[in-house]
Amino acid sequence: MTKKTKPSPALDDGAEFDAPAADRNLASARTRRMRLRAAWMYFIEEMTQNEIAQQLGVGRVTVVRLLSDARDRHEVKFSIESGLSECVRLERELEKRFGLREAIVVPMLGPDADPSKSIGAATGLYLSNFVRAGMKIGVGWGRTLHESLRYIHESPLADMSVVSLLGGITRVKRSNPSEFAWRFSSLFQAECYLLPAPAIVDTPQTRQSLIERCGLGEGFERAKSLDAVLISVGNLEPTGTAYRDGFVSDALRRSMIQNGAVGEVLFHYFDAQGKLIDHPIHDCVMAIPTSTLQRVSQRIIASGGLDKAPAMLGALRLVKPTVLVTDEAAASRILELDAA
């Protein structure tokens with residue numbers, strides 16, 4: 001009797017045949033996006049194959065295969081035949097404008113669609129390919145980041161550690177920074193280091209005492225040696241998570257707006273130019289300072305929505321991320337605001 005063998009998986013599938021269907025779909029989507037980006041750079045921007053390989057972080061042979069596959073699939077004729085071509089254009093413009101190593105722009109399913117689900121899916125897929133054994137990664141929180149958990153490939157990684165960049169929330173309705181850090185680390189069976197304190201304390205003296213006398217200084221020191229950070233961006237709309245659930249008072253929100261704030265990262269409030277607002281709350285926030293975030297080699301921002309575009313532009317100027325994951329509506333608006 002002849003023994004049946006499984007066919008070898010194609011390069012653009014990027015997954016084994018015995019992998020779950022969801023994993024194969026995510027891997028296939030990632031490879032398709034790589035093909036489109038390679039085709040855009042080669043045919044539209046007229047970059048060399050070596051330049052494309054360096055930009056995408058792959059070998060030249062892989063670029064040749066990506067371009068060949070794009071032609072074989074009729075994704076490239078005289079132009080890129082794909083509904084995602086506009087997203088690719090936005091990605092390249094964001095990368096050039098803000099010095100990003102990579103931008104990931106997801107299409108909107110409709111004008112009223114919630115972008116956090118699509119951005120979360122793209123973020124989860126990106127992280128599944130990004131994290132490595134031995135990596136030390138700091139994480140923030142937010143609805144988009146929580147959405148990403150469903151799309152991250154669960155895989156134990158040796159010597160990996162996860163650090164929460166923000167203290168916890170005492171009144172929880174939907175999500176908590178500590179919970180996200182814990183769930184994220186569990187996917188990789190990684191060590192998890194939390195900041196066991198409220199995200200915002202009552203006085204600067206309390207904050208200083210917690211750091212110096214209660215062991216929280218270790219977390220702040222650990223953050224100085226991170227390999228990567230994953231954060232989201234908050235705006236100052238009343239519908240924002242922190243304000244909707246009453247964690248931060250509406251009076252403080254209005255005060256920040258009057259002082260010129262457009263958004264916040266880990267409750268560090270900044271203006272449209274990416275400058276931190278001079279406000280007493282920053283001396284009461286139990287969070288890793290933005291100056292520490294700026295020194296981490298890999299800085300990933302995942303956030304979106306048209307209403308968040310001004311806040312995201314400020315965050316781009318403040319944090320200077322290496323990777324941005326957002327939606328096409330926010331991407332277009334960010335570029336318009338920056339040009340203006």
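1. Begin with the charged residues: Arg33, Arg37, Glu91, Arg92, Glu95 and Glu102 are joined in a network of salt bridges. The model is a predicted one, and a search of the whole structure finds 19 salt bridges. Three further pairs are taken up below.

2. The pair Lys117 and Glu147 forms a salt bridge, with 3.5 Å between the closest N and O atoms. This pair links distant parts of the chain, since Lys117 belongs to helix H5 (residues 115–130) and Glu147 to helix H6 (residues 143–148), 30 residues apart.

3. Glu147 has a relative accessibility of 14%; because buried means under 20%, Glu147 counts as buried.

4. A salt bridge also joins Glu179 to Arg183, and here the closest N and O atoms are 3.7 Å apart. Why are these two residues separated by about one helical turn? The reason is that Glu179 and Arg183 are four residues apart in helix H7 (residues 177–187). Glu179 has a relative accessible area of 32% and is therefore partly exposed. Arg183, with a relative accessible area of 38%, is partly exposed.

5. In helix H11 (residues 250–258), Asp250 and Arg254 are four residues apart, about one turn of the helix. Their side chains meet in a salt bridge, at 2.3 Å from N to O. The relative accessible area of Asp250 is 34%, which means that Asp250 is partly exposed. For Arg254 the relative accessible area is 42%, and Arg254 is partly exposed.

6. Which residue takes a positive phi just after H13? That residue is Lys320, with a phi of about 50 degrees.

Terms used: Residues are numbered from 1 along each chain as its sequence is written. This is a predicted model: local features need pLDDT of at least 70, side-chain atom pairs count only at pLDDT 80 or more; totals for chains, interfaces and linings use all residues. Side-chain values use heavy atoms; hydrogens and water are left out. A salt bridge is a side-chain nitrogen of Lys or Arg within 4 Å of a carboxyl oxygen of Asp or Glu. Buried means under 20% relative accessible area, exposed over 50%, partly exposed in between (1.4 Å probe, protein chains only).
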